[in-house]
Amino acid sequence: MQEVPAIEQGEVQIWCARVNEAAVKEAVGLLNEEELARMERMRLGIARHEFVVGRALLRVLAGAATACGPREVTIGVGEHGKPRVESVEFSVAHSHGLVVLALCREAALGVDVEWVEREIEALEIARSTFAPDEVKRIERAAEGAERARAFFAVWTRKEAIVKAHGQGLKIPLDSFEVPEGDAEQAVALVVKSDEPLLFVRGLDVGEGFAGALAARAEGLKLRKVEVVGETLKKLLSV
């Protein structure tokens, strides 16, 4: 098994894993009965493989962080149905065969990733979902690939924010605005009067993808780890 680096204070680890058949076979052996049943209810295909690898990777990394075996990791459900592991904050996202997992010690996290090289009714969705100034960004972008990238830059930041908050899509996406640019910036969600700020930034997760990370702490340093092919298989071989 590949050595897993310790999660340092003030650090977020960003693990990017490319799904492959060999990794899926290893990953299935790490799932518990409930997770296997969930897998069986899913259609055959890439989304099922992403779930299997994502959950197994979480078990391996959370196990390393809490000094227990992957199969002994308890993945519970917190407030508003968000998955949780004792002593570790995490968030998982996947798209088009890429699994992205963020972990840290001290702050709630939200991560999102989307494959951008596809046709999408970006302007139509933005007008029904985004805040007015965000819609203007999409309108300014040229039709086609540029507009899709502009759309997903906003979408991934919004998804990351509502994940980090914990209420998910119970929060209307047009009720707050995300900043432009990849640098970390603060976002205020007015869900209740004493709501703390969230901090969101863009993530480079690979060619053809848009990614974003949100956290309830400012200035967390990133450590990116990419695992592909035989490296991913070895990581899941426990």
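Trainee: Which residue stands opposite H94 in strand 5?

Mentor: Good place to start! Keep in mind that this is a predicted model. The residue of strand 5 that stands opposite H94 is V99. Likewise, F90 has L103 of strand 5 opposite it.

Trainee: In which sense do strand 4 and strand 5 pair, and over how many bridges?

Mentor: First the general idea: strands of a sheet pair through backbone hydrogen bonds, either parallel or antiparallel. Here, strand 4 and strand 5 (residues 98-104) take the antiparallel sense, with seven bridges. Their hairpin has two residues between the strands, and H96 takes a positive phi near 50° there.

Trainee: What is the order of the strands in the open sheet with mixed pairing?

Mentor: Reading across this sheet of four strands, the order is 4-5-1-10. Strand 4 (89-95) and strand 10 (221-227) each have a single partner strand, so these two are the edges and one side of each is left without a neighbour in the sheet. On average, neighbouring strands are turned by 15° against each other, direction ignored.

Trainee: Which helix packs on that sheet?

Mentor: Helix 3 (residues 46-66) does, and you can find it touching strand 1 (11-18), strand 4 and strand 5. The direction of helix 3 makes about 25° with that of strand 5.

Trainee: How many bridges join strand 8 to strand 9?

Mentor: There are five bridges, and the two strands run antiparallel. To find one of them, look for F199, whose bridge partner in strand 9 is A215.

Trainee: Let me try the helices. At what angle do the axes of helix 4 and helix 5 cross?

Mentor: The axes of helix 4 (residues 122-129) and helix 5 (residues 132-140) cross at roughly 170° and come within 9 Å. An angle over 145 degrees counts as roughly antiparallel, and helix 4 and helix 5 are therefore roughly antiparallel to each other. On the helix 4 side, the contact is made by A122, L123, A126 and R127, while helix 5 brings V135, I138 and E139. By class, these residues divide into five nonpolar, no polar and two charged.

Trainee: How far apart are the axes of helix 5 and helix 6?

Mentor: Those axes are 8 Å apart, and the helices pack at an angle of about 155°. That makes helix 5 roughly antiparallel to helix 6. Helix 5 makes this contact with E134, R137, I138 and E139, and helix 6 with R147, A150, F151, V154 and K158. Four residues of the contact are nonpolar, none polar and five charged.

Trainee: What about empty space? How much of it lies in the largest pocket?

Mentor: The general idea is that rolling a probe the size of a water molecule over the atoms shows where empty space is left. In this structure the largest pocket holds about 740 Å³ of space. Its lining has 30 residues, and R38, R55, P83, F90 and V92 lie nearest its centre. The elements that give two or more residues to this lining are helix 2 (33-41), helix 3, strand 2 (76-77), strand 4 and helix 6 (145-165). Helix 3 gives the most, with six residues. By class, the lining has eleven nonpolar, nine polar and ten charged residues.

Trainee: And which residues line the largest cavity?

Mentor: They are E184, F199, V200, R201, L213, A214, A215 and L220. The volume of this cavity is about 30 Å³. Two elements, strand 8 (198-203) and strand 9 (209-215), are the ones that give two or more residues to the lining. Six of the lining residues are nonpolar, none polar and two charged.

Technical notes
Residues are numbered from 1 along each chain as its sequence is written. This is a predicted model: local features need pLDDT of at least 70, side-chain atom pairs count only at pLDDT 80 or more; totals for chains, interfaces and linings use all residues. Side-chain values use heavy atoms; hydrogens and water are left out. Two strands pair if DSSP finds at least two bridges between them. Axes are lines fitted to C-alpha atoms, for helices over the stretch in contact, and angles run from 0 to 180 degrees between N-to-C directions. Contact means heavy atoms within 4.5 Å. On a 1 Å grid over the protein atoms alone, a cavity is a set of points where a 1.4 Å probe fits but cannot get out, and a pocket is an open set with protein on both sides within 12 Å along at least five of seven lines; lining residues have an atom within 4 Å of a point. Grid points are joined across faces, edges and corners, and a volume is the space filled by probe spheres set on the points. Ala, Val, Leu, Ile, Met, Phe, Trp, Tyr, Cys and Pro count as nonpolar, Asp, Glu, Lys and Arg as charged, and the others, Gly among them, as polar. Angles under 35 degrees count as roughly parallel, over 145 as roughly antiparallel, 65 to 115 as roughly perpendicular and the rest as oblique.
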